[in-house]
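Hi there,

Here is the structure I promised to pass on.

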Amino acid sequence: NNNNNNNNNAVSTYSGKIRVKFRSDGYTDLLSQETSGMERLVIEKVWGWDQEEEEEENGNGNGNTNKRTSDYLLFSTNVRLPSTDLSFPDGMIRCYWQARIDNNNNDNSNNNDIIS
C-alpha cells in the first residue's frame, strides 16, 4: 500500500539560527545555536571552512552574456537529530553548507555579508 510507505518516509524539517566564527587559520568556532519547535536538534561540531570562487554567466535577454565572479563559503557540521526523527535512526548526520559572500561595499563598511 503506497499510503503506508509515504507516511514512513515523511521528511522532518527543522529551523533555527547558528552563529559561527570563521577563523583565519581555516578552523571554525560555534558561538551559539537556537532551534525552534518541540523536538530540537543539536549541532555538535562545526568543521573547518574554505572559500571558493565561481564564475557565473548572467544573460540579459538580448543574447549578450555577462560573466561575474562570486565567492562562496563552504563548511560542514555534525548534527544530532532528536530520537523521534525516524528518518535517521542513528541520530547523527553531516550537513554541508554553501553560502554566497556578497562583497558589495556600498554602505562604506568593511563587513562582507554571507547570504545562504
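Asp-71 is the residue I would start with: Asp-71 is buried yet has no salt bridge. The nearest side chain of opposite charge is Arg-68, 9.4 Å away. For charge, Lys and Arg count as positive and Asp and Glu as negative, while His and the chain ends are not counted. Buried here means under 20% relative accessible area, exposed means over 50%, and partly exposed lies in between (1.4 Å probe, protein chains only). A salt bridge is a side-chain nitrogen of Lys or Arg within 4 Å of a carboxyl oxygen of Asp or Glu.

What surrounds Asp-71, leaving aside its neighbours within four places in sequence? Asp-71 is in contact with Gln-51, Glu-52, Glu-53, Ala-99, Arg-100, Ile-101 and Asn-103, where contact means heavy atoms within 4.5 Å. Asp-71 itself has its place in strand S4.

Before going on, a word on the source. This is a predicted model, in which local features need pLDDT of at least 70 and side-chain atom pairs count only at pLDDT 80 or more, while totals for chains, interfaces and linings use all residues. Residues are numbered from 1 along each chain as its sequence is written, and side-chain values use heavy atoms, with hydrogens and water left out.

Now the overall layout. The protein chain has one helix and six strands, running α-β-β-β-β-β-β from the N terminus on. Helices (H or I, at least four residues) and strands (E, at least two) are DSSP runs, numbered from the N terminus. Of the 116 residues in the protein chain, 18% are buried. The accessible surface comes to about 9,100 Å², and 41% of that belongs to carbon and sulfur atoms; the areas come from the Shrake-Rupley method with a 1.4 Å probe, and for residues only the protein chains shown count as cover. Among contacts between residues at least 6 apart in sequence, 37% join residues at least 24 apart.

Back to the charges. The count comes to four salt bridges. Arg-23 takes part in a network of salt bridges with Asp-25 and Asp-29. The side chains of Arg-23 and Asp-25 meet at 2.9 Å, N to O, and for Arg-23 and Asp-29 the closest N and O atoms are 3.2 Å apart. Arg-23 is partly exposed at 28% relative accessible area, as are Asp-25 at 46% and Asp-29 at 26%.

Another salt bridge joins Arg-80 to Glu-44, with the closest N and O atoms 2.9 Å apart. Arg-80 lies in strand S4 (residues 65-80) and Glu-44 in strand S3 (residues 42-59), so this pair ties together parts that are 36 residues apart in sequence. Arg-80 is partly exposed at 34%, and Glu-44 is partly exposed at 44%.

Which residues make up the largest nonpolar core? There are six in all: Leu-41, Ile-43, Val-46, Phe-75, Val-79 and Leu-81. S3 and S4 each supply at least two residues of this core. By nonpolar core I mean a set of buried Ala, Val, Leu, Ile, Met, Phe, Trp, Tyr and Cys residues joined through side-chain atoms within 4.5 Å. Leaving aside neighbours within four places in sequence, Ile-43 has contacts that include Ile-18, Leu-30 and Val-79.

Finally, the aromatic rings. A search of the whole structure finds three aromatic pairs. Rings of Phe, Tyr and Trp (its six-membered ring) pair if their centres lie within 6.5 Å; planes under 30 degrees apart count as stacked, over 60 as edge-to-face and the rest as tilted. Phe-22 and Trp-49 have ring centres 6.2 Å apart and planes at 75°, so this pair is edge-to-face. Phe-22 lies in strand S1 and Trp-49 in strand S3, so the pair ties together parts that are 27 residues apart in sequence. Phe-22 is partly exposed at 28%, and Trp-49 is partly exposed at 24%.

The rings of Phe-75 and Trp-97 have their centres 5.6 Å apart and their planes at 5°, so that pair is stacked. Phe-75 is buried at 10%, whereas Trp-97 is partly exposed at 33%. Phe-22, Trp-49, Phe-75 and Trp-97 form one aromatic cluster.

Best wishes
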